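Me: I'm just getting started with protein structures. Can we go through this one together, a question at a time?

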Amino acid sequence: MPKSKRQKVVSLTKVSKKTKEHKNAMMNELQANSEKWKYCWLFEVGAMRNSHLKTVRKLWKDSARMFFGRGAVMAKALGTTAAEEHRLGLSKLASQIKGQVGLFFTDTEPQEVIDWFADFQQPDFARAGNKETRTVVLPVGPVMRHHSDPPEPFPHNEEPQLRKLGLTTSMNKGVPVLTAPHTLCEKGKTLTSEQAQILKLTGIKMLTFRVGLLARWESTTGEVIQIEGSSIPREEVEAGEEVDEAAEMSE
């Protein structure tokens, strides 16, 4: 008698591994882009958010290609030794691919790229487990929401939620208020889920998504130039979310 399909156990946590074909496709695309563009930049990201990375891709879609994640695959595609490098000098860039970094191919002149990424910064909310970047103290008076300009007080129906998250509030003319200053978080300490939720409710953004340019390869000379003063502090890099699989290959 055949087994009933109802008895089949299906794991909901199983994640399919990258196939060899997928890795080869990524390597082929990287190599093709190294032949197409004048420059290849090595970059890292502070406070990684997939949504912001997609915005960067969208803004550069007509004049650049971006790859992020899968460092071992990117390094192998470029070639990690002078004998293996796909184009002259790429091994010097490949040797610097460590940790969560990406590659950015473009014909845009270097100073324009440097200026653009220096200007592109997107504030975002910290999450539970992140290190707090500054001390935040909520003052005496109405608990304010900073999503709007000017800020406005929380409505009365959200007061129970504020108390549940650890704020000692009372009602004054239908508005949740603090009768004493409340230290919400302290710089350098790990953010709890309750603290992260209050920061989000009040609209206080502790982190900034930004791209740090580390080095640049030039196809005409094979030279790799280090970019000074653009690296991102380790705590900002570690504050990011996991990279979406779709972010591994350019769009």
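This is a predicted model: local features need pLDDT of at least 70, side-chain atom pairs count only at pLDDT 80 or more; totals for chains, interfaces and linings use all residues.

Me: How many aromatic pairs does the structure hold?
Reply: The rule for a pair is that the ring centres lie within 6.5 Å. Going by that, the count for this structure is nine.

Me: Are the rings of Trp-116 and Phe-117 stacked or edge-to-face?
Reply: Their centres are 4.9 Å apart, and the planes meet at 80°. Planes over 60 degrees apart count as edge-to-face. So this pair is edge-to-face.

Me: And what about Trp-116 and Phe-120, stacked or edge-to-face?
Reply: Here the distance is 5.0 Å centre to centre, with 10° between the planes. Under 30 degrees counts as stacked. That makes the Trp-116 and Phe-120 pair stacked.

Me: Is Phe-120 buried or exposed?
Reply: Its relative accessibility is 10%. The cut-off for buried is under 20%, so Phe-120 counts as buried.

Me: What about Trp-116, then: buried, partly exposed or exposed?
Reply: Trp-116 has a relative accessible area of 25%. Buried needs under 20% and exposed needs over 50%. Trp-116 falls in between, so the word is partly exposed.

Technical notes: Residues are numbered from 1 along each chain as its sequence is written. Side-chain values use heavy atoms; hydrogens and water are left out. Rings of Phe, Tyr and Trp (its six-membered ring) pair if their centres lie within 6.5 Å; planes under 30 degrees apart count as stacked, over 60 as edge-to-face and the rest as tilted. Buried means under 20% relative accessible area, exposed over 50%, partly exposed in between (1.4 Å probe, protein chains only).
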